[in-house]
Amino acid sequence: MKKIIKYVMTDILRNRIVMIYTIFLLVTSFSVFSLEDNDSKGLLSLLNIILLIVPLVSIVFSTIYVYNSAEFIELLVSQPLKRKSIWLSLFAGLAGSLSIAFFVGVGIPILLYQANAIGGMMIGVGVLLSIIFVAIAMLAAVLTRDKAKGIGVAILLWLYFSILFDGLVLFLLFQFADYPLEKAMIGITAFNPIDLSRIMILLHMDVSAMMGYTGAIFKEFFGTAIGMVISFGVLLFWVLLPVWVATRKFNSKDL
Amino acid sequence: MIIASNVSKQFSRLKALDNVSVTCNKGECIALIGPNGSGKTTLIKSILGMVVPDSGFITFNGNNILHSWQYRNKIGYMPQIGRYPENMTIGDVLDMMMDIRGGENELDEDLIHSFGLDLLKRKRMRTLSGGTRQKVSASLAFLFDPEVLILDEPTAGLDPVASEILKEKIISEKEKGKLILITSHVLSELDDLVTQIIYMQDGKLLFHKSIEALRSDTGEEKLAKAIASVMINF
């Protein structure tokens, strides 16, 4: 399994797109930090960029990569290798290299400007988000045979998690405005890793004071150690579930 | 050595394999013959575990191959269309396979040398012609000196010299007592290779006979003519 991960990793790191992605993140992070006079304000701007760009690049790149590796996968499947280890190596290779790209592109600038708990949390959340969207991409790729359809599904999923989900939540809030939904909202955020990450980080910043009553309830939950552990657990669940389903599908897929 | 029992496989509408049962033993050289789309490649891919049958099972040396992978150590497979990672060079592909698979088996690099692939080691896979790809596939199939060789259209796209080299190699491996499964449409070149014939049509296995039996049944000496007379009768 280690050998396959090695081949996947070298192949991806040789890929220009990942290099460009890393450099783009580096340039953005440094320029955001040098534009804002206040470093924690810089972190906030960076958060919004990360939550948009990282999932998009992770999901689209991984989907395309899995489709383009069809030949490689076919070659490996006919060899004495476990299907599960082929698939998990592919996942590990993709998740590993995109996490490295994120760490170099965003992690290093954060460590230079904001080496504190919240900076560290942002790096952790960013790495987890990269891995989550690699997992979702691999699920989308194993479920659809057609490449164009698969990439379309991946982009739609990104659109859902970044934009549509918020719209749905707003709609729900207005429809049920007469009911006390504050506690239920905490549960609803678990259905979207991007929102969950956003709230986790926002509530540890000073801006959380401006979020009113819902913010206070959120703070009561996410501010505690147990709340943090649970939310990281939910993010981890977002990695494990798609990987598990995708591996099962791949095990009985016809090549 | 390989026993398939009542294997069926459906691809949406198409019935690719319909209740196929077949037994292949050591030392045999079996030709899988049939019209296009008769399920030959699907049968081969089921044996390799690349296609999972809907019903029935396949055993290799007495063990069910479902969800097992170690048995593929003993198989060398040459696909119909060899598809390799485009950015790798021939040398990379060979090294990678040796790295993944090389172990106790002694390496058999005869074909690499006789095809002259060692001179092309730095060429990228995407720049190769169809014939050179076939040479790479063939070299990989024989490289680990496996007990079973599965060759899907081995000579398609090869020039006469290369296909003669490959035939010689197949014969010498057959004499070592290996099981060899070949599909081909060029029946004339199977004449001096095969000992058994499996004929498939529309996913069904129509007959499995030794070549002598087929010759005496049809009264034809040449395989091509014997098969032609069979096809007309069906």
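Take helix 7 (residues 147-175) of chain A: at 1.5 Å a residue, its 29 residues should span 42 Å, and its end C-alpha atoms are 39 Å apart, which agrees. That expected span is 1.5 Å times one less than the number of residues. Helices here are DSSP runs (H or I, at least four residues), numbered from the N terminus.

This is a predicted model, where local features need pLDDT of at least 70, side-chain atom pairs count only at pLDDT 80 or more, and totals for chains, interfaces and linings use all residues. Residues are numbered from 1 along each chain as its sequence is written, while chains are lettered from A and ligands numbered from 1 in the order in which they are written.

Back to helix 7 of chain A: a kink of about 50° is centred on Y160(A). The bend is the angle between axes fitted to the seven residues ending at a residue and the seven starting there.

Now for where the two chains meet (contact: C-beta atoms, placed from the backbone, within 7 Å). Chain A brings 16 residues and chain B brings 17 residues. On chain A's side, helix 4 gives the most, with five residues.

| Class on chain A's side | Count |
|---|---|
| nonpolar | seven residues |
| polar | three residues |

Conventions:
Helices (H or I, at least four residues) and strands (E, at least two) are DSSP runs, numbered from the N terminus. Ala, Val, Leu, Ile, Met, Phe, Trp, Tyr, Cys and Pro count as nonpolar, Asp, Glu, Lys and Arg as charged, and the others, Gly among them, as polar.
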